[in-house]
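These are my notebook entries on a structure that I had not examined before. I record below what I looked up, entry by entry.

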Amino acid sequence: MIKGFIFDLDGVITDTAELHYVAWKNLADERGWLFDREVNDKLRGISRTDSMRVILEHNNTSLDEETLAQFAKKKNDIYVASLDGMTPEDYLPGVKELLTNLRIEGFSVALGSASKNAVKVLEQLNAKAFFDVIGDGNSVSKSKPEPDIFLYGAEKLNLQPEECVVFEDAESGIDAAKAGGFHSVGIGPEERLGHADLRFDSMEEATLFEIKSYFKDLF
Ligand code: BG6
Ligand code: MG
């Protein structure tokens, strides 16, 4: 039976992908690196350091670990400053309704994000009360596509993976959910999320009614 829900943050609860893009672009322009929205899309669900490596690889270049960490910090400073402009108006359409309905119906809810800034984002949205457990980039060491962050959430909720539905907008996130034995809902295009159990183009379509209709025998 499905008793819990685990949500990715960036691209599922709120559209931080654009803010990540602007911050990386800022750094890339300063360094003279090529960086566009297509490369940015590959960074969905990927940790900050791994994102840095993807960008360097795209530019056929490499850096020693210390310099890489310095640049990653620089990007993060720009990103974190941009979060100050985020408000409770910035949930993606449909998200607040879904989280509210999950609370009303008594489901357990966790956050399963790769971001080390997840708490700051939830605070800006005033969303912390929707979550029983917050799993973020500080909770586990192995990032998606490894299932660790979702296993962490399920364990803290006292649930088995098969009792939870994971919501994800990243290809690596659905890979992680499947590797951990979770049910999965993909948010975004077929090309990226065709391997999810159930997929919607946007969170607006992902109502509790639709989810219950699809996983009907499990509710
Ligand atoms: C993920 C985002 O949620 O968090 C990635 O999809 C991001 O784009 C990653 O790189 C790490 O985030 P942060 O805030 O710790 O740099
Ligand atoms: Mg995401």
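Entry 1. How many bridges join S4 to strand S5 (residues 183-187), and do they run parallel or antiparallel? I found four bridges between S4 and S5, and the two strands run parallel.

Entry 2. I noted the conventions: this is a predicted model, in which local features need pLDDT of at least 70 and side-chain atom pairs count only at pLDDT 80 or more, while totals for chains, interfaces and linings use all residues. Residues are numbered from 1 along each chain as its sequence is written, chains are lettered from A and ligands numbered from 1 in the order in which they are written, and side-chain values use heavy atoms, with hydrogens and water left out.

Entry 3. I stayed with strand S4 (residues 164-168). Strands are DSSP runs of E with at least two residues, helices are runs of H or I with at least four, and both are numbered from the N terminus; two strands pair if DSSP finds at least two bridges between them. Strand S1 (residues 4-7) is also joined to S4, by four bridges and in parallel. Phe 5 stands opposite Val 165, and Val 166 stands opposite Ser 184 in S5.

Entry 4. I looked up the cover of S4 and found five of its five residues buried (under 20% relative accessible area; exposed is over 50% and partly exposed in between, with a 1.4 Å probe and protein chains only). Cys 164, Val 166 and Glu 168 lie on one side, Val 165 and Phe 167 on the other.

Entry 5. Asp 8 counts as buried because its relative accessibility is 4%; Asp 10 counts as buried at 16%.

Entry 6. I looked up Glu 30, which has its place in helix H1. Its relative accessible area is 45%, so Glu 30 is partly exposed. The C-alpha atoms of Glu 30 and Val 166 are separated by 37 Å, and the two residues are 136 apart along the chain.
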